[in-house]
Amino acid sequence: MQFHTRTLLTIVTEAILENDLVDLFNRRQIRGWTIVAARGKGDHGEKRGSFDANKNIQLELLTTTATAEALATEIMQEFGQDYALVQWLSEVRVLRADKF
């Protein structure tokens, strides 16, 4: 089997942004993503999940490098000033590249 290089965009942000980010993914025709609850500590304090308004999420999606970079830039421009938001890109190797 042959592996193909893709870029993993990981986003950790406030849970209140989930619907906005999913809408953005749909507008940009991102084919799939994963969203999970996230807790931790950073510049915006510690998130323990003990209060609903205090929740974070982690989103991951696989796409081309160009798409991941453009999407991360758009997310930072649209939400970065008003919400806790961290993003990073990782090069990964996948089977079934046509899915991404």
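**Close-up 1. A salt bridge joins R28 and E74.** In this predicted model, the side chains of R28 and E74 meet at 2.7 Å, N to O. A salt bridge here is a side-chain nitrogen of Lys or Arg within 4 Å of a carboxyl oxygen of Asp or Glu. By that rule the count is one. The two partners are 46 residues apart and link distant parts of the chain: R28 sits in the loop between α1 and β2 (34-38), E74 in helix α2. Helices (H or I, at least four residues) and strands (E, at least two) are DSSP runs, numbered from the N terminus. R28 counts as partly exposed, at 41% relative accessibility. Buried means under 20% relative accessible area, exposed over 50%, and partly exposed in between (1.4 Å probe, protein chains only). Side chains of opposite charge can pair when their charged atoms come close.

**Close-up 2. Helix α2 has a buried face.** Helix α2 covers residues 65-79, 15 residues in all. From first C-alpha to last, α2 reaches 21 Å, close to the 21 Å expected at 1.5 Å a residue. The expected span is 1.5 Å times one less than the number of residues. A68, L71, A72, I75 and F79 are buried in α2. Seen down the axis, these buried residues fall within an arc of 100 degrees, so they line one face of the helix. The arc is taken from the directions from the helix axis to the C-beta atoms. They pack against β1, α1 (18-27), β5 (56-63) and β6 (85-94). The face turned away from the buried side carries exposed A66 and Q77.

**Close-up 3. L9 belongs to the largest nonpolar core.** A nonpolar core is a set of buried Ala, Val, Leu, Ile, Met, Phe, Trp, Tyr and Cys residues joined through side-chain atoms within 4.5 Å. The largest one has 16 residues; L9, I11, L21, F25, L71 and I75 touch the most other members. The elements β1, α1, β5 and α2 each give two or more residues to this core. Helix α2 supplies the largest share, five residues. Not counting residues up to four places away in sequence, L9 touches L59, E60, L61, A68, L71, A72, Q87, W88 and L89. Contact means heavy atoms within 4.5 Å.

**Close-up 4. T13 is buried in strand β1.** T13 lies in β1, residues 4-14. Its relative accessible area is 1%. A polar atom of the T13 side chain lies 2.6 Å from the backbone oxygen of A84. Neighbours within four places in sequence aside, T13 is in contact with L21, N56, I57, L59, Y83, A84 and L85.

**Close-up 5. Q29 and R96 have positive phi.** Most residues other than glycine have a negative phi. Phi of Q29 is near 60 degrees; phi of R96 is near 55 degrees. Q29 is found in the loop between α1 and β2, and is exposed at 68% relative accessible area. R96 is found in the segment after β6, and is exposed at 56%.

**Notes to all views.** Residues are numbered from 1 along each chain as its sequence is written, and side-chain values use heavy atoms, with hydrogens and water left out. Local features need pLDDT of at least 70, side-chain atom pairs count only at pLDDT 80 or more, and totals for chains, interfaces and linings use all residues.

Methods:
A polar contact is a pair of N or O atoms within 3.5 Å; within protein, one must be able to donate a hydrogen and the other to accept it, and residues adjacent in sequence count only if both atoms are side-chain atoms.
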